[in-house]
Amino acid sequence: TTTTTTTAASSRVTLYSTSFSTTTSITGWGQVTPRFFSSLWSQGVPSATNHPRDRAVLGTSLTGAGLYPDGMPTASQAVSPSITVRNFGLLQLSFDRYLGVAADDTASVLACTSTSSSSCVTLWSNGGVAVSDSAWTRVTLALPTNFASSTLVIRFGLGPTRTTGGSVTSGPGWSLSNLAVTGVRGAASRNAPPAEAQATSDDDVTSPLSP
């Protein structure tokens, strides 16, 4: 769902938004799945009891036991459609998060200047710290300056995950809601400092995201 809405008080414009509340709200989204693993991402109201069940979401392992798998060598990612951000600066990504991830597993949010994984930079990662949300959290992340005159693709990642379960169980992973990308027209030079691009693994399978 693409919108262009201006807030007069701040001149901040909504360049893209989606609630993830309906099947049409994930139009254009895809997912990247580590080879030899099943797809993790889907849209809908979770049936797994360790996920929030008050709304429809985009998330991982929404059904069954509600736990992501051990042993993923690379990240399973939800990939947004391309978002036009040309001539806008002070870019921000905002979303509601309900996340559960073990300390030795990785959850991340990446920003990319194209659909190629080689153009991605990490906006946020759990950095070896366990996260166990017990309520929805609103997250706002600033985008670096090298996204000011280009298109933008957002990737939410889960993985790599530990190769053996050990004494630590995995978690539910991501539940996402009410995502928005905003910016200020003509403020392209006033984003966060530039970030260096980093490639994600090429050993993955890309497919459309479906409910």
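## Around strand β13

Strands here are DSSP runs of E at least two residues long, while helices are runs of H or I of at least four, all numbered from the N terminus. Ile83 belongs to β7 (residues 83-84), and β7 pairs with β13 in the antiparallel sense over 2 bridges (pairing takes at least two DSSP bridges between the strands).

Strand β6 (residues 76-79) runs antiparallel to β13, with 4 bridges between them, and Gln77 has Gly157 in β13 as its bridge partner. β9 is also antiparallel to β13, joined to it by 6 bridges; here Ser108 has Gly157 as its bridge partner in β13. β13 is mostly covered, too, with 7 of its 8 residues buried (buried is under 20% relative accessible area and exposed over 50%, with partly exposed in between, using a 1.4 Å probe and protein chains only).

## The chain as a whole

This is a predicted model, so local features need pLDDT of at least 70 and side-chain atom pairs count only at pLDDT 80 or more, while totals for chains, interfaces and linings use all residues. Residues are numbered from 1 along each chain as its sequence is written, and side-chain values use heavy atoms, with hydrogens and water left out.

The protein chain has 15 strands and 0 helices. It runs to 211 residues, and 52% of them count as buried. Take the contacts (heavy atoms within 4.5 Å) between residues at least 6 apart in sequence: 77% of them join residues at least 24 apart.

The largest nonpolar core has 40 residues, and Trp29, Leu93, Phe95, Phe156 and Trp174 touch the most other members. A core here is a set of buried Ala, Val, Leu, Ile, Met, Phe, Trp, Tyr and Cys residues joined through side-chain atoms within 4.5 Å. Strands giving this core at least two residues each include β2 (12-18), β8 (88-101), β9 (107-112) and β14 (173-185). The largest share, 6 residues, comes from β8.

A second, separate core holds 6 residues, among them Val32, Val79, Leu110 and Cys120. Back in the largest one, Phe95 has contacts beyond its neighbours within four places in sequence, including Val109, Val139, Phe156 and Trp174.

## The disulfide

Cys120 lies in strand β10 (residues 120-125). Its relative accessible area is 1%, so Cys120 counts as buried. Cys120 forms a disulfide with Cys112, the two sulfur atoms being 2.0 Å apart (the cut-off for cysteine sulfur atoms is within 2.5 Å). By that rule the count is 1 disulfide, and both Cys112 and Cys120 are buried.

The torsion about the S-S bond is about 90°, so this disulfide is right-handed.

β4 pairs with strand β5 (residues 57-60) in the antiparallel sense over 4 bridges, and Ser42 has Gly59 in β5 as its bridge partner.

Gln31, found in strand β3 (residues 30-34), has a side-chain polar atom 3.2 Å from the backbone nitrogen of Trp41. Gln31 has 4% relative accessibility, so it is buried as well.

Terms used: A polar contact is a pair of N or O atoms within 3.5 Å; within protein, one must be able to donate a hydrogen and the other to accept it, and residues adjacent in sequence count only if both atoms are side-chain atoms.
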